[in-house]
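This report describes selected features of one protein structure. It is intended to be read alongside the sequence and the coordinates.

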Amino acid sequence: MKSFELKVSPARIVFGPGTLGRTGDMIRELGCSRALVLSTPNQKGAAETLAAGLGDLAAGVFTGATMHTPVDVTEKALAVLRETGADCTVAFGGGSTTGLGKALAYRTDVPQIAIPTTYAGSEVTPILGQTEGGRKTTVSDARILPEVVIYDPELTYGLPAGLTVTSALNAMAHAAEALYARDRNPISSLMAAEGLRVLVAALPVLRDEPADPEGRSGALYGAWLCGTVLGSVGMALHHKLCHVLGGTFDLPHAETHAVILPHAVAFNEAAVPDLLKPLAQALGTERAGQGLHGYAASIGAPMALKDIGMPENGIDQAADLAVANPYWNPRSFDRSDIRRLIENAFHGRPPD
């Protein structure tokens, strides 16, 4: 057994059908009494219903969360937080809402409760990605990690098929990169492999039966595992590319991960095939990258950057940005490598 270090998340995880009803108890157990409920505009109704159910524990509702956590939106929410006298936040929704809750906590250190309704997994990481002036940057800090995460599978029963697929592939990206992370350890690798196995099995079920309780519970469990490893080890080329593409061209976060993942995995698989074997085994294929490409197509995932809003004249700009301040990666690369990868992903070609 080699020596290793393990960072264990101190977040409290509350998992199970019907656990949304425990939100008030969690607020009180944090020592709080006035929660600002956060959501995107699309989930305004659900957020207002949640706030109404909290009664006097709800200080107000802010429904302006949006993808990539723009700093100007955070500042608007911060003003509402102060005006209402809220002493904690409850983020109800996907990665956009979770990101806003994290941004508020980073600035004020107010306690957070995250209630994810997708499979993004960011709710269990101390990492905040935010955009300003067309650039996306990330920061890691203990204040960013939510104190409580409520996983209620019933909240995902009505998740549209497209969002189910893309947010789950986003979660799988965390685990895939954890397999070859520079600071990986036996525990993170076990969690990554299990998260990938569970999600790969769940998505075809949900494609055919979107409200299948076992499938929904399994997918949410897998997303928690994948998110947890994202918070415990470093990421590499895939996440760097997605941050560049999403922040520069305002591409949808989960869809960008879904398109890029097979290409980034295939690129790194050439250098570390043994480390990616758990993913290949979960897919039932010889190669993880090629297997992911076929699997993503079979469950209806977007396959091309051009189909999710990226302009073709942005390929060179993206390649320049991706190599300007690169993340550590198990395989070395130059600009031509990255440009070819982005071009293949842009057109929806199979990965090299």
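This is a predicted model: local features need pLDDT of at least 70, side-chain atom pairs count only at pLDDT 80 or more; totals for chains, interfaces and linings use all residues.

**Strand pairing**

Strand E8 covers residues 148-151, and its side chains point two ways: Val148 and Ile150 to one side, Val149 and Tyr151 to the other, with all of them buried. E8 is joined to strand E1 (residues 12-15) by four bridges, and the two strands run parallel. Within this pairing, Phe15 stands opposite Tyr151. E8 also pairs with E5 in the parallel sense, here over two bridges. In that pairing Ala114 has Val149 of E8 as its bridge partner.

A further pairing involves E6 and strand E7 (residues 135-140), which run antiparallel and are joined by six bridges. Ile127 has Ser140 in E7 as its bridge partner. The two strands form a hairpin with two residues between them, and Gly133 in the turn has a positive phi of about 65°.

Helix H4 (residues 95-108) has 14 residues, which at 1.5 Å a residue should span 20 Å; the end C-alpha atoms are 20 Å apart, so expectation and model agree. The buried residues of H4 are Thr97, Thr98, Gly99, Leu100, Gly101, Lys102, Ala103, Leu104 and Ala105. Which elements cover these buried residues of H4? Strands E2 (35-38), E3 (58-62), E4 (88-93), E5 (112-116) and E6 (127-132) are included in the cover, as is helix H3 (71-84). Just after H4, Asp109 adopts a positive phi of about 65°.

Helix H5 (residues 161-179) comprises 19 residues and reaches 27 Å from its first C-alpha to its last, close to the 27 Å expected at 1.5 Å a residue. Because 16 of its 19 residues are buried, H5 is largely enclosed by the rest of the structure.

**Helix packing**

Two packed helices are described by the angle between their axes and the distance between the axes. The table gives these values for two pairs.

| Helix pair | Angle between axes | Axis separation |
|---|---|---|
| H9 and H11 (residues 288-298) | about 165° | 7 Å |
| H6 (residues 186-208) and H7 (residues 213-230) | roughly 150° | within 8 Å |

The contact is made by Leu261, Pro262, Val265, Ala266 and Glu269 on H9, together with Ala288, Gly289, Leu292 and His293 on H11.

**Individual residues**

Asn268 also belongs to helix H9. Is this residue, Asn268, buried or exposed? Asn268 is buried, because its relative accessible area is 0%, below the 20% cut-off for burial. Apart from residues up to four places away in sequence, Asn268 touches Glu177, Tyr180, Leu237, Leu276, Asn329, Pro330 and Arg331.

Asp337 lies in helix H13 (residues 335-347). With a relative accessibility of 16%, Asp337 counts as buried, since the cut-off is 20%. Beyond neighbours within four places in sequence, Asp337 is in contact with Phe267 and Ser332. The C-alpha atom of Asp337 is separated by 33 Å from that of Leu6, and these two residues are 331 residues apart along the chain.

As a general rule, most residues other than glycine have a negative phi. His68, by contrast, has a positive phi near 70°. His68 is placed in the loop between E3 and H3, and counts as buried at 7% relative accessibility. Asp250 likewise has a positive phi, near 55°, and is a residue other than glycine. Asp250 is found in the loop between helix H8 (237-249) and helix H9 (253-269).

Methods. Residues are numbered from 1 along each chain as its sequence is written. Side-chain values use heavy atoms; hydrogens and water are left out. Buried means under 20% relative accessible area, exposed over 50%, partly exposed in between (1.4 Å probe, protein chains only). Contact means heavy atoms within 4.5 Å. The expected span of a helix is 1.5 Å times one less than its number of residues. Two strands pair if DSSP finds at least two bridges between them. Axes are lines fitted to C-alpha atoms, for helices over the stretch in contact, and angles run from 0 to 180 degrees between N-to-C directions.
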